[in-house]
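This report walks through one protein chain. Please look over the sequence and the fold before reading on.

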Amino acid sequence: FACRMVTYAPIVQSGNTVMKILRQILLGSAVLAAASAQSHAADRAMIVMDASGSMWGQIDGKTKIEIARETLADVLTSVPVELELGLIAYGHREKGQCGDIEEIVAPATGNRDAITDAVNGFNPKGKTPLTDAVRQAAQSLQYTEDKATVILVTDGIETCEADPCAVASELEASGVDFTAHVVGFGISEEEGQQVACLAENTGGDFILASDASELGDALTETVAATPAPPPEPEPTPAPPPIAGPADLRAVLTEGGPPVEGGRWDVTRLDIDETKTSYGLNPTYDFMPGDYRVTFKIDRVERSIDVTAANAPVTGEIVLDAGLVTLDVAFADGSELIGDARIDVKSGELVNTQYGTFSAVTPAGPTPVKVRSGRAEADHEIEVVAGEAVAKTLVLPAGRITANATFNDGSEVVPDVRYDILEAKASLSGDRKTVETQYNVIDAIVAPGDYVMRVRSGGAAAEMEFSVEQNALTDITVPMDAGLVAVSAPGAGRIDILTSPSALTGKQDRLATQYQPEVQLILNRGSYVVRGEFGEDRAVVEQEFTISAGQRTEVTLEQ
């Protein structure tokens, strides 16, 4: 099988260069699939995205997961409508779990927003089971029955004791027309050799992102390598091209300078044929006839109709748009929020970016929503055609950190669940939960009054507090609690209960363990430990008392 492999020195280029490389790879795969759709009923592909903990690594000051989010959001706007595309991720939910593989978006047309939203929500943390993820992608695409293409984007090697080379050979042998392309994102050449066989054994492409220029040449060849069309009758000779190059340009406002970048789609209306190119001017040999020329950049799309006769084709596409650059801070003049989510709405379209937003945006009043943690705020900016808008938007919020300690201040309570609740209770006395975290809490919320509820074992405590805008609130919640250590040799079950009610005799069970030793944190007070021994489950009970900040040891014997 033919496999094109490009390897260079370790990556040193900027985050923007890596974004460009990923954009070309993914768009190239989409174009190949769309071209193949001319001779197949439907083409289906699956992106397998690395969301392991190493994706928090940085390239030129920008995390790999941010680069992946931005690149996918941009590339997916250009995916052909006929391509059935899906998304599988690994390492995005749990640490240390090789089974953390999930098909998030099933292959289908028209689901690019669902894929974008899914990737925007990733919180990388786990291992790299890339081999099983590729296998699952192939199965989802029904590779034994239909043509299937998998695009693996990984920044590491297999970490779950699987053999990617053997699996690639197996998929190639049993598949109808199975191909895996592999993008080594920020890995060394030595590491790349360990995953290259996924592409090599299936006739796909393996690329190590290193030098933008050389890699761009290789990707251009890939995009151009469309499948050969079926034989056709000898065509009638076409009229000669229109003399001279086309003079078409896209501008933000009438008479303004041409817009750099963007995508051109030129459709010949009489045969419904569309060709795509990128840059300041469309690359197209116009024959006599009528055409629709469409220019797309970011979330802006405009078209004009032109007629080619015997002179150069000219025209200007007016985008009626401006360049918008937005940042977010907790207050005027404060430090920028690097992970803030910024949603800019234009009609029914929403452009989402993180940290700094920069995009061509339609002119007019434009709603913007900014978010970080559990805080969000709505703004509106005025975009003027042909002008640049640069603003720092305020997100009214503060940061909360907290610890729970035994009330004598002796030490921090272990294994604590922290719940931030709204201070205002409903008519039934319930409070809405704003945020829940475990062991250590670090949260961003809107300014206001809250209640911190802490729980560990059978103990609980609450504290009221307030959060101010652009301020850190660090609180310590004292727990009027201690620890009981129960030893019951030979017991098959141990229950920790409250002392009987003086009026009803009722007892609440706080914990049950099926082992002879138990440790549990409890609020100060009196309790009962009950043990069941032997095959006849003989019951032995003993009362004990918990003192704040103290360890109480109880031995239960039959």
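## A hairpin and its neighbour

Strand 27 and strand 28 form a hairpin, with 2 residues between them. Glycine 457 sits in the turn and has a positive phi of about 60 degrees. Strands here are DSSP runs of E with at least two residues, helices are runs of H or I with at least four residues, and both are numbered from the N terminus. Strand 27 covers residues 448-456, and strand 28 covers residues 459-467. The two run antiparallel and are joined by 9 bridges. One of the bridge pairs is arginine 453 with glutamate 462 in strand 28. Two strands count as paired if DSSP finds at least two bridges between them.

Strand 27 also pairs with strand 24 (residues 417-422). This pairing is antiparallel too, with 6 bridges. Arginine 417 has arginine 455 of strand 27 as its bridge partner. In a regular strand, side chains alternate between the two faces of the sheet.

## Basis of the model

The model is predicted: local features need pLDDT of at least 70, side-chain atom pairs count only at pLDDT 80 or more, and totals for chains, interfaces and linings use all residues. Residues are numbered from 1 along each chain as its sequence is written, and side-chain values use heavy atoms, with hydrogens and water left out.

## Disulfides

How many disulfides does the chain contain? The count is 2, where a disulfide is a pair of cysteine sulfur atoms within 2.5 Å. Counting bonded cysteines along the chain, the pattern is 1-2, 3-4.

Cysteine 98 is joined to cysteine 160, with an S to S distance of 2.2 Å. The torsion about this S-S bond is about -95 degrees, so the disulfide is left-handed. The link ties together distant parts of the chain, 62 residues apart. Cysteine 98 lies in the loop between strand 5 (84-90) and strand 6 (101-108). Cysteine 160 lies in the loop between strand 7 (147-154) and helix 5 (164-174). Cysteine 98 is partly exposed because its relative accessibility is 32%. Cysteine 160 has 14%, so it counts as buried. The cut-offs are under 20% relative accessible area for buried, over 50% for exposed, and partly exposed in between (1.4 Å probe, protein chains only).

The other disulfide joins cysteine 165 to cysteine 197, S to S 2.1 Å. It is left-handed, with -85 degrees about the S-S bond. This pair also links distant parts of the chain, 32 residues apart. Cysteine 165 is in helix 5, and cysteine 197 is in helix 7 (residues 196-200). Cysteine 165 is partly exposed at 28%, while cysteine 197 is buried at 6%.

Glutamine 142 has a positive phi near 55 degrees. It is found in the loop between helix 4 (130-140) and strand 7. At 39% relative accessible area, glutamine 142 is partly exposed.

Aspartate 272 has a positive phi near 50 degrees. Its loop runs between strand 11 (263-268) and strand 12 (273-278). Is aspartate 272 buried or exposed? Its relative accessibility is 64%, so it counts as exposed.

## The chain overall

The chain has 8 helices and 36 strands. Of its 558 residues, 47% are buried. Among contacts (heavy atoms within 4.5 Å) with a separation of 6 or more, 63% join residues 24 or more positions apart.

The chain exposes about 27000 Å², by the Shrake-Rupley method with a 1.4 Å probe. Carbon and sulfur atoms supply 47% of that area.
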